[in-house]
Amino acid sequence: MKVMAMCPQCILDQTKQGKQPRFNPIVGELDDNGTIHVTCDRKHYGVVLYNSRRYEVLVKSAARAFLDGYTNEVVAVMSSALERAYEFYIRVSCRAKDLAQERVDAAWKSVAAQSERQFGAFQFLYLQDNQLPFTLDPLVTEVRNKVVHRGKIVREAEALNFAEKVFSAIRHLDDTLQSKFADHVKAEAEREIKVQEDNIPAGIEHVTLSAKTVNVDTSKNEVIGTVTRFIEHVAAIHQSRERGFPD
């Protein structure tokens, strides 16, 4: 997956020279570990640790697919994003309950390939934390199953409606975690970055990149908050492309 990043070696060189590092965007390739591999025009190779949850990365991927007209991919990728949001909730909730990381990892291995069991684990942790079961619009499951299992071709409006419902569910989980377990959310994110760092080969320069899609008040040129709708992700990517930046 192609994403916008920067060259760690160039930033390090500028810092050593006493200069304020400049963000010169270049296209990198994001791998499954959340690491962006970059090679700049000076032939420096480095890696950028992408400090973003997997479901956030998938939402942006689905937004690109929507912008490019791949409606079925929107449904498939947003479905995966929701499942990864369930996983993140599970890991944060278990952390908040002082369960050892190695035990959580061992338990996860037994359900890693079974999405229904993952949802079951999530549902009961959510119930314990919130005293209410998690509810999802039935249309999400209906459309997802028709696309994934029956090969249904969805039109643009249906794909957007699906994506907005899923994005709303993900935002709800984000808000719930932040309101109940903010410190544990931060700790789990730091654990993910540490796992990425441990996989970097010796001698390879790296930096960490945090990326959020935000809304801007153009009259004041001020950030007024992160996006609240899926279509705003799509609009941000469209604007980025118009300005000549990679996605």
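A crossing of two helices is left-handed if the near helix is turned anticlockwise from the far one by less than a right angle, and right-handed if clockwise. The crossing of H6 and H7 is left-handed. This is a predicted model, in which local features need pLDDT of at least 70 and side-chain atom pairs count only at pLDDT 80 or more, while totals for chains, interfaces and linings use all residues. Residues are numbered from 1 along each chain as its sequence is written, and side-chain values use heavy atoms, with hydrogens and water left out. Helices (H or I, at least four residues) and strands (E, at least two) are DSSP runs, numbered from the N terminus.

Stay with H6 and H7. They pack at an angle of about 130 degrees, and their axes are 10 Å apart. Axes here are lines fitted to C-alpha atoms, for helices over the stretch in contact, and angles run from 0 to 180 degrees between N-to-C directions. The angle makes H6 oblique to H7. Under 35 degrees would count as roughly parallel, over 145 as roughly antiparallel, 65 to 115 as roughly perpendicular, and the rest is oblique. On the H6 side, Leu139, Val140, Val143 and Arg144 meet Glu158, Asn161, Phe162, Lys165 and Val166 of H7. Contact means heavy atoms within 4.5 Å. The residues of this contact divide into 5 nonpolar, 1 polar and 3 charged. Ala, Val, Leu, Ile, Met, Phe, Trp, Tyr, Cys and Pro count as nonpolar, Asp, Glu, Lys and Arg as charged, and the others, Gly among them, as polar.

Now turn to H3. It packs against H6 (residues 138-150) at about 125 degrees, with the axes 10 Å apart. That makes H3 oblique to H6. The crossing is left-handed. H3 brings Asn72, Val75, Ser79, Leu82 and Glu83 to this contact, and H6 brings Val140, Val143, Arg144 and Val147. By class, the contact of H3 with H6 has 5 nonpolar, 2 polar and 2 charged residues.

H3 also meets H7. Their axes come within 8 Å and cross at roughly 20 degrees. That makes H3 roughly parallel to H7. H3 passes H7 in a left-handed crossing. The contact of H3 with H7 holds 23 nonpolar, 4 polar and 6 charged residues.

Next comes H5. Its 16 residues (115-130) should span 22 Å at 1.5 Å a residue, and its end C-alpha atoms are 22 Å apart, which agrees. The expected span is 1.5 Å times one less than the number of residues. Which residues of H5 are buried? They are Gln118, Phe122, Gln123, Leu125, Tyr126, Asp129 and Asn130. Buried means under 20% relative accessible area, exposed over 50%, and partly exposed in between (1.4 Å probe, protein chains only). The cover over these buried residues includes helix H3 (71-96), helix H4 (101-109) and helix H7 (156-198). Phe124 is also in H5, but it counts as exposed at 61% relative accessibility. Its C-alpha atom is separated by 12 Å from that of Cys94, 30 residues apart along the chain. After H5 comes Gln131, whose phi is positive, near 65 degrees.

Helix H8 can be checked in the same way. Its 13 residues (230-242) should span 18 Å at 1.5 Å a residue, and its end C-alpha atoms are 19 Å apart, which agrees. Phe230, Glu232, His233, Val234, Ile237 and Ser240 are buried in H8. H8 is followed by Gly244, with a positive phi near 85 degrees.

Thr35 lies in strand S3 (residues 35-39). Is Thr35 buried or exposed? It is buried, with a relative accessible area of 6%. Leaving out residues up to four places away in sequence, Thr35 touches Glu29, Leu30, Val47, Val48, Leu49 and Gln196. Glu29 sits in strand S2 (residues 26-30). It counts as partly exposed, at 42% relative accessibility. With that same exclusion, Glu29 touches Met1, Lys2, Thr35, Ile36 and His37. Glu29 and Ala5 are 24 residues apart in sequence and 9.0 Å apart in space, C-alpha to C-alpha.

Finally, look at two loops. Most residues other than glycine have a negative phi. Lys43 has a positive phi of about 70 degrees although it is not a glycine. Lys43 lies in the loop between S3 and strand S4 (45-50), and it counts as exposed at 69% relative accessibility. Asp98, also not a glycine, has a positive phi of about 65 degrees. Its place is the loop between H3 and H4. Asp98 is exposed, with a relative accessible area of 69%.
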